[in-house]
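Subject: Structure for you to look through

Dear colleague,

I am handing over a structure that I would like you to open beside this email. Please read slowly and find each residue in the viewer as you come to it.

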Amino acid sequence: MAVHRSGRLVAALLVALLAIAVVAIPASAVPFDEADFSGYATGQVLHADALHATGVNVANVEEAWTGAAVDSKGLTSAIKNEAGLDRTVIAAQPTKKTAGRGSGLELGLGVDDDTANDLQIQIAEAAAPPNTSTMDELLGLPASPIAYASLLRGAAEANWSNSSTCVLGKDLSNGLGYAANVELVETGTTDPEGDGNLDAPLISVNSELPADRRVAQSFSHTFLDVQQNAAGNPLGLRFGLSSEVRMTIAPVTLADGALTLDFLGEWVLRATAGGIPGSSHIHFGPGEASPSTPILRIIQDGEITDIITFQDILGDEGLPIIIPGVLELVIGENPRAIGGDDTTEPSVAANGTSASAALDVVRVKVLDGEALDLRFGHMEVAAQVPVGGIDCGIPVSKTSNLNGVTVGQAFTTSIKVDNPFGCDMTVVKVVDKITTEGDAKFQVLSTSPTANQVPAGSNLDSGTVVWDNIGPIAKGGSKTVSVTLRAQGGGGIIEDIATAAAVLGNCDGEGDGSTVVGNSPPLKVLVVLKAKFLPETGVGTSGAFYVGALSLLSLAGVSIRSLRRTKP
């Protein structure tokens, strides 16, 4: 059949990636169902601790607080954020492997570090297995004189497979926290007949800026990620783990309009560990930011007094700003060690097995004696994987229509490729390599569907059948190809090993463009010279499928062995 130029290019690319897979995948990589890996991500758009005003004591305020965690051996211990906040992000759940949480607003009145906030206005939590997702939404929160919000939302999702199949194309866990028009701690007098808005809030995102800017959102998630360096270049065809926080910080007004902090749109902190040298790294930065992009504006009495650019952050460990008689700010610190101060460095293992970091976009300390500790854009991320990375298995099965054949008899082997991932398999290439030992020979009678390459002739010693693209295979779907052979020659071995590769696309989450590769277990069919024989079959251990930089599919392998018998 005719092959278009684009098809030839894709086929060449897949062949090249398969060749890379042979040398790039270290033998030490651990299968998904055996791998010991873990990580977490947590973000709080606003954290206020030990806040005192007008006789109201609010020990903890958490706005748009999210968390996500994974531990392949079980969530046996609670995950807390760093010292100074000391809040439980994910509770211990030994029977669960992944968990997520998200809340729009939480208030704790005099609670200690080990006690949950007593006013969890709305919170969504999920844990797996089994796969779980949930969402909680509250329209309007009049809780004067403590808080007001026009819309609060929390969502969480957790996914886990108890088989050898990796969770690809979707998050292992995630949490979303969303809050609009939040006002905290009344310093004036609220109209009891009003709509719940605070008259003079100490902290407010209900500023004079456009309404679509009055929203705070945090999204934390963990997901399997391809082995790559910090620049995004592929390093291998196995998987690592990424933990990431993505955050939008609404403009914040303090002290009834005395000061407004106006932040750039989205901030991202990500820790990635791939299990091989060069694959562990930390990424941080405002989205779509150049060195001259304003990432924070400080507005006093309606006038812009300071503009902090991305270059300011790149050039400093943190930029301190003192406003006499009002407050002290530390702005734009670089990622630091979890639990460390702004002089520490993130933890990144040279062998690629771990990475972790924390930061605050802005920390604020009020100097009026009220001991107000504020964090804007607090983020923590951590990821840990075994040496070599995580080996992701793709289900590929093979069958024969006969358990045994005689010389001269035809038989058909079928190779089935399943897609259990949260992605479509787009380009799916299958290569079936046939070799012989001893006196055994073969002839390819037909293929279904028609292969792009078929060895011609009879009494062959070797040959390769190639399907350039049997895809696409949709999420949850499968496809089967088959080869009909005639056993020829004499006693010996006919070995049939197939390999498949696919590009992943249209993923539900992360994973577009990654590569999956692997081999199916061998299938043996006994070939004898005469019809009287005792059938012998065997099935080997499953070969693994691997994902890398572009995204290939798995290749199947069939073994057919001929045992010579000269007597009936």
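Asn506 lies in the loop between strand E32 and strand E33, the latter covering residues 515-519, and although Asn506 is not a glycine, its phi is positive, at about 55°. Please keep in mind throughout that this is a predicted model. Asn459 is placed in the loop between strand E30 (424-448) and E31, and with a relative accessible area of 44% it counts as partly exposed. These angles are worth a look because most residues other than glycine have a negative phi, and most peptide bonds are trans.

The peptide bond that runs from Ala128 to Pro129 is cis, with omega near 5°, and Pro129 has its place in the loop between strand E7 (119-128) and strand E8 (132-143). Another cis peptide bond joins Gly471 to Pro472, where omega is near 0°, and Pro472 belongs to the loop between strand E31 (462-467) and strand E32 (478-505).

Next come the aromatic rings, for which a search of the whole structure finds four pairs. In one of them, the rings of Trp267 and Phe284 have centres 5.9 Å apart and planes at 25°, and since planes under 30 degrees apart count as stacked, this pair is stacked. Trp267 lies in strand E17 (residues 266-273) while Phe284 lies in strand E18 (residues 281-286), so the pair ties together parts that are 17 residues apart in sequence. Are Trp267 and Phe284 buried or exposed? Both of these residues are buried. Elsewhere, Phe32, Phe37 and Trp160 form one aromatic cluster.

If you return to E17 and E18, you will find Ser279 in the loop between them. Ser279 has a relative accessibility of 0% and therefore counts as buried. Which backbone atoms does the side chain of Ser279 reach? One is the backbone nitrogen of Gly275, at 3.2 Å, and another is the backbone oxygen of Ile276, which lies 2.5 Å from a polar atom of the Ser279 side chain. Leaving aside residues up to four places away in sequence, Ser279 touches Gln228, Leu235, Thr272, Ala273, Gly274 and Gly352.

Lastly, there is the question of empty space inside the model. Rolling a probe the size of a water molecule over the atoms shows where such space is left. How many cavities of 30 Å³ or more does the count give? The count comes to one, and the largest cavity holds about 30 Å³ of space.

With best wishes

Methods. Residues are numbered from 1 along each chain as its sequence is written. This is a predicted model: local features need pLDDT of at least 70, side-chain atom pairs count only at pLDDT 80 or more; totals for chains, interfaces and linings use all residues. Side-chain values use heavy atoms; hydrogens and water are left out. Rings of Phe, Tyr and Trp (its six-membered ring) pair if their centres lie within 6.5 Å; planes under 30 degrees apart count as stacked, over 60 as edge-to-face and the rest as tilted. Helices (H or I, at least four residues) and strands (E, at least two) are DSSP runs, numbered from the N terminus. Buried means under 20% relative accessible area, exposed over 50%, partly exposed in between (1.4 Å probe, protein chains only). A polar contact is a pair of N or O atoms within 3.5 Å; within protein, one must be able to donate a hydrogen and the other to accept it, and residues adjacent in sequence count only if both atoms are side-chain atoms. Contact means heavy atoms within 4.5 Å. On a 1 Å grid over the protein atoms alone, a cavity is a set of points where a 1.4 Å probe fits but cannot get out, and a pocket is an open set with protein on both sides within 12 Å along at least five of seven lines; lining residues have an atom within 4 Å of a point. Grid points are joined across faces, edges and corners, and a volume is the space filled by probe spheres set on the points.
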